[in-house]
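Hi everyone, thanks for coming. Please take a look at the structure on the screen, and then we'll walk through a few of its residues together.

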Amino acid sequence: LLRSALLGAYLCCCTNFSHAQPFGVEGANNLMPASGGMGGASIARPQDFLSSINENPAALTQYEGTQFTFSGTWAEPTFNLATPGYGLPGQPPIVAPFSAKSGTPGILAPNIGVLQQMEVMGRDLHIGLALISASGLGTSFVAVPESGGTASYLLCLEVVPSVGFQLTDRLSVGAGVFLGTAFLEGPY
């Protein structure tokens with residue numbers, strides 16, 4: 001125990017940098033109202049019903065009545081690209097060496113949801129429906145002549161109907177279906 005405490009004190013006091021990563025690799029709950037502020041963590045006990053619809057439909061039973069949420073966030077990742085150039089051996093490079101920052105602006109990622117609580121056989125049934133911005137980003141190196149006009153943009157939207165049913169005071173079950181579409185555009 002003493003070793004753990006000393007190691008913890010050393011790590012807190014003697015390191016001058018830290019690294020952070022959001023929960024998971026998808027953007028879905030990183031873009032939600034409450035769980036976005038917690039790095040996307042929202043599986044065990046989501047703080048907003050949109051995160052419940054997206055990650056744990058059984059947790060819908062913690063919300064009462066009729067609820068509606070409209071939220072959005074601005075996501076603007078930064079892409080810095082450095083390439084040594086590419087091409088066939090013995091031929092001029094197809095992509096010349098370059099180093100640049102992407103010129104694509106961020107995206108507005110909306111999330112809209114509605115939740116309705118009702119009673120079935122003396123137990124709570126919660127039905128949720130959401131439009132979720134699952135992910136999206138873009139890169140543009142069009143202003144960099146060496147890139148060959150490379151640009152791309154990805155947008156993934158999902159409609160998620162879900163249901164949560166409270167079996168006992170301490171046990172709920174839930175299910176959801178993700179119906180989505182994605183667009184990938186650009187000259188590659």
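Phe49 and Tyr63 are both buried, meaning under 20% relative accessible area, with exposed being over 50% and partly exposed in between (1.4 Å probe, protein chains only). A quick note: this is a predicted model, where local features need pLDDT of at least 70, side-chain atom pairs count only at pLDDT 80 or more, and totals for chains, interfaces and linings use all residues. Residues are numbered from 1 along each chain as its sequence is written, and side-chain values use heavy atoms, leaving out hydrogens and water.

Now, which residues make up the largest nonpolar core? There are 10: Met32, Phe49, Leu50, Ile53, Leu60, Tyr63, Leu115, Ala130, Ile132 and Val160. By nonpolar core I mean buried Ala, Val, Leu, Ile, Met, Phe, Trp, Tyr and Cys residues joined through side-chain atoms within 4.5 Å. In soluble globular proteins, nonpolar side chains tend to be buried together.

Leu115 touches Phe49, Leu60 and Tyr63, among others, not counting residues up to four places away in sequence; contact here is heavy atoms within 4.5 Å.

Let's finish with Ser172. Is Ser172 buried or partly exposed? Ser172 counts as partly exposed, because its relative accessibility is 24%. Its side chain makes a polar contact with the side chain of Thr61, at 2.9 Å. That term means a pair of N or O atoms within 3.5 Å; within protein, one must be able to donate a hydrogen and the other to accept it, and residues adjacent in sequence count only if both atoms are side-chain atoms. Ser172 and Leu60 are 112 residues apart in sequence, yet 8.8 Å apart in space, C-alpha to C-alpha.
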